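Hi,

Have a look at it first, then read on.

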Amino acid sequence: MDRRDFNRFKGFGRRALMLAGIKGTLVSALVARLYYLQVLQADRYGMLSDDNRISMRMLPPLRGRVLDRGGEEIANNRRNFRVLVVPEQADSLRSTLNRLGQLINLDDTQKARVLREAERRRKFVPILVADNLNWEDFARLNLYSPDLPGVQLDVGETRAYPGGPVFSHIVGYVGAVSRDDLKQDDDPLLELPGFRIGKSGLEKVYDGDLRGSAGDTQVEVNAYGRVIRELARHEGQPGADLVLTIDAGLQRFAAERLGEESGAAVVLDILNGDVLAMVSNPGFDPDLFNIGISVADYQALQNNKHRPLFNKVLQGQYPPGSTFKMVVALAALEAGVILPGHTVFCPGHMELGDAKFHCWKKGGHGTLGVVQALGQSCDVFFYDVGRRVGPDRIAEMAKRLGIGGLTGIDMPSEAAGLVPTRDWKFARFGKRWAEGESLVTAIGQGYVLATPMQLAVMAARIANGGRVVSPRLVRKASEPRGAPVEMRSLGISQASLSLVQQGMNAVTNTPGNTAYTSRIKTVGWEMAGKTGSAQVKRISMAERESGVIKQEARPWEDRDHALFVAFAPVGNPRYAAAIVIEHGMSGAKTAGPIARDILEEAQRRNPAAKEPFRGRFAGGDGRERG
Amino acid sequence: MAMRRTLGDADVELSLGRKLLDMRWGLILVLCCVAAVGWAMLYSAAGGNMDPWASRQMVRFGGGVVLMLAVALVDQRFWLRWAYLMYAVGICLLVAVDLVGRNAMGAQRWLDLGIIQVQPSEVMKIALVLALARYFHGLADEDVRRFRWILVPAAMTAFPMALVLKQPDLGTAMMLGLEGAAIFFLAGVALRWFALAFISAGAIMPLAWGMMHDYQRKRITIFLDPESDPLGSGYHILQSKIALGSGGMFGKGFLEGSQAHLSFLPEKQTDFIFTALAEEFGMVGGLGLIGLYLLLVAYGYAIALRSGSHFGRLVGLGITSMLFIYMFINIAMVSGLVPVVGVPLPLVSYGGTAMLTLLIGFGFVLGVYIHRDVEIPRRGGAL
């Protein structure tokens, strides 16, 4: 090595050393960085790593069943094959939906709904695309699922209503969570795709009990959200079963007996208010609402003149007609306006000023007392009594018997009915009460309106000796088993009640009276009742002159409503019933036989005598639910 | 240096046996160790499977080692003689790839030669070291300090850089630049020229920003604040840091890295493989690998300083510097110290080309040691 070379070697050595220094500095930076990340920040990044890999998923609880008093399932759950999509994981939501549309039936409105929902919700929340798939569709989707990023398939539980339309108004239905629901209820369950909450009926009232509480599962997921394994699982609390006071058999019988008629039937246990049957006819299929009702189906229901969606028992307000006469009689007796021996001569009409008020019987009834007047439903007798007692005391008695106020049944949107008073008239119309209106009110026409449930409560309170009984569909959890319900007295004298009860007995069991043909012939099961025919259309003077047009000749909408209230057995009452047949023309001919059959069936089944089914949490700890 | 065998005569050849005996088998063992770390991590990244990565990587490594030995056995003077030609071929290939190259991942980097596909930029990494080493080997000490004499090698570095940048491949362009700078530095180019280059680079920066592709700009902005957009573009680097951080001191254990196995790590088998290692073996594992790399660098120093020719010294340290730069940029990148530029972890990341380049490069390093006493005259490169 010559000198030049040696100098060059020295120069190279110097530079190599400097380069080594630079490299050492850089390596120190790396080591410092690793120390910072892996030692100083290890906890933070460890947590982030777990956040990454662990995904909490909510487990929807099984919704509680709805059972009749005997434990028969009216609403339960069935397997539901569903397909969901997570927008975040789908390459393109639109194209994913199109591909799904090639595999299963998916119309444009459904696709539009998914896209709309994707806008509204957070990107990682799965959105329900379709549910209630059949097994073939579901299997096909499973086969193609590797090619469908973001698509989740699951087997859930969905509401089913084995009870069918007969129970539709009682149980109601569940439906998808609306935006308003989300605002009112912060239960995280509502965020779950396809979650259903009670939308009407008991499903709505007892939604909190039926819903249960969410469980959760911690699953390890990869970066694409695919579940690798489950790390921990907390089962939620399934919803509680709801045991109704309804006797499913009686309910079905009543519905069948109403047949094609548009109407309502209620049967109550007069000693504790248990609603044994509550039919609003026709019903609807609650499953339709759960799955998502089509516009056509919904319009068909809406446009049906028999109003299947309308709960006639609680929301239907009808003039009670002659079934109101017990109220008038009791009001007058209790006020001392008439004595038990009071009689009135019925010539077939009553004149008040210039006006002439007719009795339904053209020739008149002659002289009658309270019992005969009820038995033959004499209008003139009650014109006279109603005029004497006046609207305010009638209203007061009506309220005591349950008419004109909410019965307090555990159902949403109950109608209050109406019983007019002088003050009400003035407040409402700015006019003074006319005496003729007292006459009209006395026969349950004019302003008076009552729901079938209120009429049944009235019958029950008359039958149980004037005690407060309120209808209920679900027993209170706190109620001791088998013990009679404490019932406050209404403060009506037994003498008056006895007289009215005799009158109602006469209606059905005295030959020739209005509902004698509808009597129960079985000894010991006899019922007492009262017919009612409520005018829907005022009979004009001209029509009266030319002879009243036969009901059958009028269009359905103009025909009278047929009503019947009853209790049985007469000797030792237990069951009260109210029947309203819309435009059924005659209480005696239409409603009476139905009431008879239903009450006879009620006594045959005698549900009140049986120990009700023990309610339980679906978890099985045997607690009773209220 | 009396002990030195004088083999200055070009006709004298070392025997094959002599050469094999002089092979630095210790260096080769360390290379195998680094590669074995790579196989283990590829095995883990595949969820405990030899396929698809580990097995193929092993085969490639075997082939690469054979090539490495072959390169090491060839006389230094031969490589010196052919250095410029190899550089010229490299430039031609880069031009060709620009014209007819195969498009992969949005950048033209591959050239299909029928039988094999080559990545000209990889050829260039070696050819540039050899060509610059030859240039400085023949340059007088006084001339190295003169500006006009470094214009030629500066152009030799800048031209392929420009071609690679056009592909566009920012990472490789940067590698070439740093490689060239390392050789300039070792050759003794005055520090003021480095200062000048640094300043002019700073001046060009805004201009370069304007010429950059969107994805390149994005990488830089993400680098500056990765956590601003954790689900978007900052995802990779954030997840990478999570993997590193959650590994802690001793790691989660082999095959237990949740970040890598659950696919949160991007490109866990290539550029981000260091994070998988650091997640499963912690800081201890990460430092262990860095230690192996430093051992390779130390071998490079020992060989270079022992070499009798300037060409040998520059090649020896030039190649090991390339390895170092690879390693530093990759680890700095995945730990969030520098922007993500797409530089693999040498010998560990999955991929044949980069590994082949490294092994051939180390073939030259080994060759420098074997031919440490072969004297090459300044004009020795003349054909």
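In this predicted model, A:Ala528 sits opposite A:Phe567, a residue of β18(A). The two belong to a pairing between β17(A) and β18 (residues 561-568) of chain A, which run antiparallel and are joined by seven bridges. If you step back from that pair, you will see an open sheet of five strands in chain A, with the order β12-β11-β19-β18-β17 and antiparallel pairing. The strands at the edges are β12 (275-281) and β17 (528-534) of chain A; each has a single partner strand, so one side of each has no neighbour in the sheet. From one strand to the next, the twist averages 5°. A helix also lies across part of this sheet: α10 (residues 248-258) of chain A covers β11 (263-269) and β12, and runs at about 30° to β12(A).

One joins A:Asn281 and A:Pro282, with omega about -5°, and A:Pro282 lies in the loop between β12 and α11 (286-291) of chain A. Another runs from A:Ala568 to A:Pro569, with omega near -15°; here the proline is in the loop between β18 and β19 (575-581) of chain A.

While you are in the loops, please check two backbone angles as well. A:Arg307 has a positive phi, near 45°, although this residue is not a glycine. You will find A:Arg307 in the loop between α12 (295-303) and α13 (312-315) of chain A. A:Arg307 has 18 other C-beta atoms within 10 Å, so it counts as partly exposed, since buried would take 20 or more. A:Met585 also has a positive phi, near 75°, and belongs to the loop between β19 and α22 (587-605) of chain A. With 19 C-beta neighbours inside 10 Å, A:Met585 is likewise partly exposed.

For chain A as a whole, I count 22 helices and 19 strands. The chain has 626 residues, and 46% of them are buried. Among its contacts between residues at least 6 apart in sequence, 75% link residues at least 24 apart.

Now to where the chains meet. On this interface, 40 residues of chain B are in contact with 38 residues of chain A. The helices of chain B that each supply at least two residues are α8 (170-187), α11 (235-247), α12 (258-261), α13 (273-306) and α14. Which helix gives the largest share? That is α13(B), with eleven residues. By type, the chain B side divides into 24 nonpolar, 13 polar and three charged residues.

Lastly, α8(B) has 18 residues and reaches 26 Å from its first C-alpha to its last, close to the 26 Å expected at 1.5 Å a residue. This helix is mostly covered, with 14 of its 18 residues buried. B:Gly188 follows α8(B) and has a positive phi, near 100°.

Best wishes

Terms used. Residues numbered from 1 in each chain as written. Chains lettered and ligands numbered in written order. Predicted model: local features only at pLDDT ≥ 70, side-chain atom pairs only at ≥ 80, totals over all residues. Pairing = 2+ DSSP bridges. Helix = DSSP H or I, 4+ residues; strand = E, 2+ residues; numbered from the N terminus. Axes fitted to C-alpha atoms, helices over the stretch in contact; angles between N-to-C directions. Contact = placed C-beta atoms within 7 Å. Nonpolar A, V, L, I, M, F, W, Y, C, P; charged D, E, K, R; others polar. Buried ≥ 20, exposed ≤ 12 C-beta atoms within 10 Å, placed from the backbone. Expected span 1.5 Å × (residues − 1).
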